[in-house]
Amino acid sequence: MGPATAQAAKRAARSYSPDRPQPMAGHAGLLSIFSTGVSAVALAFRRSGRALPERVPPSDLVLMSIATYKISRLISKDKITGFLRAPFTRYEGESERPSEVVEEPRGKGFQRAVGELLVCPYCLAQWVGTALVSLYLFSPRLARLTASMFSIVSGSDLLQQAWIAVDKRA
């Protein structure tokens, strides 16, 4: 990117959100990483000589959707994965949800952009879902097994919450 293009990008970022600066270059960097990863998987898959599946069975879609939900929440909210987020986030306190924390992105530029990604389960779901689909392309059985494990954990979470609700009413 030349100096004129860089200046134009900075002006656009400032005018986009003049009161709250946004890490636009960091977001662009994350998009580049994501796009490069998807391109690498596509190239590797093409070179493998495998054929794309004609369709993905609805049961696999449901399984991977539940797993994507759970993995995204584990990465973005779980107490135990806080060490992964710590370089990019600031701990704010306990969440109202069991075993979850509230964090805010910190820093500037790429650090802040990564922090924004890591505290957002909705944002992470794209990355996690893409990773699961990539695994599914190369090893459907392993993808199903992995997704099954996280789906089981999601089911357990629902049962824990149901038990708490019943216990509070008793």
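Is proline 140 buried, partly exposed or exposed, and at what relative accessibility? Proline 140 counts as partly exposed, because its relative accessibility is 29%; buried means under 20% relative accessible area, exposed over 50%, and partly exposed in between, with a 1.4 Å probe and protein chains only. The points below place this residue in its setting.

1. Basis of the note. This is a predicted model, in which local features need pLDDT of at least 70 and side-chain atom pairs count only at pLDDT 80 or more, while totals for chains, interfaces and linings use all residues. Residues are numbered from 1 along each chain as its sequence is written, and side-chain values use heavy atoms, with hydrogens and water left out.

2. Secondary structure. The protein contains seven helices and two strands. Their order along the sequence is α-α-α-α-β-β-α-α-α. Helices (H or I, at least four residues) and strands (E, at least two) are DSSP runs, numbered from the N terminus.

3. Overall dimensions. The radius of gyration of the protein is 20 Å, whereas a compact globule of 170 residues would have one near 15 Å. This radius is taken over C-alpha atoms, and the globule rule is 2.2 Å times the number of residues to the power 0.38. The C-alpha trace spans about 60 × 50 × 25 Å along its principal axes.

4. Burial and surface. Of the 170 residues, 27% are buried. The protein exposes about 11600 Å², and carbon and sulfur atoms supply 63% of that area; accessible areas come from the Shrake-Rupley method with a 1.4 Å probe, and for residues only the protein chains shown count as cover.

5. Contacts. Among contacts in the protein with a separation of 6 or more, 58% are between residues 24 or more positions apart. A contact means heavy atoms within 4.5 Å.

6. Helix α5. In this helix (residues 109–118), Ala113, Val114, Gly115, Leu117 and Leu118 are buried. The buried residues of α5 pack against α2 (24–48), α3 (58–77), α4 (82–85), β1, β2 and α6 (121–138).

7. The disulfide. Cysteine 120 and cysteine 123 form a disulfide, with their sulfur atoms 2.5 Å apart. A disulfide is a pair of cysteine sulfur atoms within 2.5 Å, and by this rule the count is one. The disulfide is right-handed because the torsion about the S-S bond of cysteine 120 and cysteine 123 is about 70°. Cysteine 120 is buried, at a relative accessible area of 17%, whereas cysteine 123 is partly exposed, at 30% relative accessibility.

8. Leucine 135 and proline 140. Leucine 135 lies in helix α6 and is partly exposed, at 26% relative accessibility. Leaving out residues up to four places away in sequence, leucine 135 touches Pro140, Leu142, Ala143 and Thr146. Proline 140 belongs to helix α7 (residues 140–169). The C-alpha atoms of proline 140 and aspartate 60 are separated by 9.2 Å, although these residues are 80 residues apart along the chain. Leucine 135 and alanine 4 are 131 residues apart in sequence, and 41 Å apart from C-alpha to C-alpha.

9. Serine 99. This residue is found in the loop between β1 (89–94) and β2 (101–105). Serine 99 is not a glycine, yet it has a positive phi of about 65°. With a relative accessible area of 37%, serine 99 is partly exposed.
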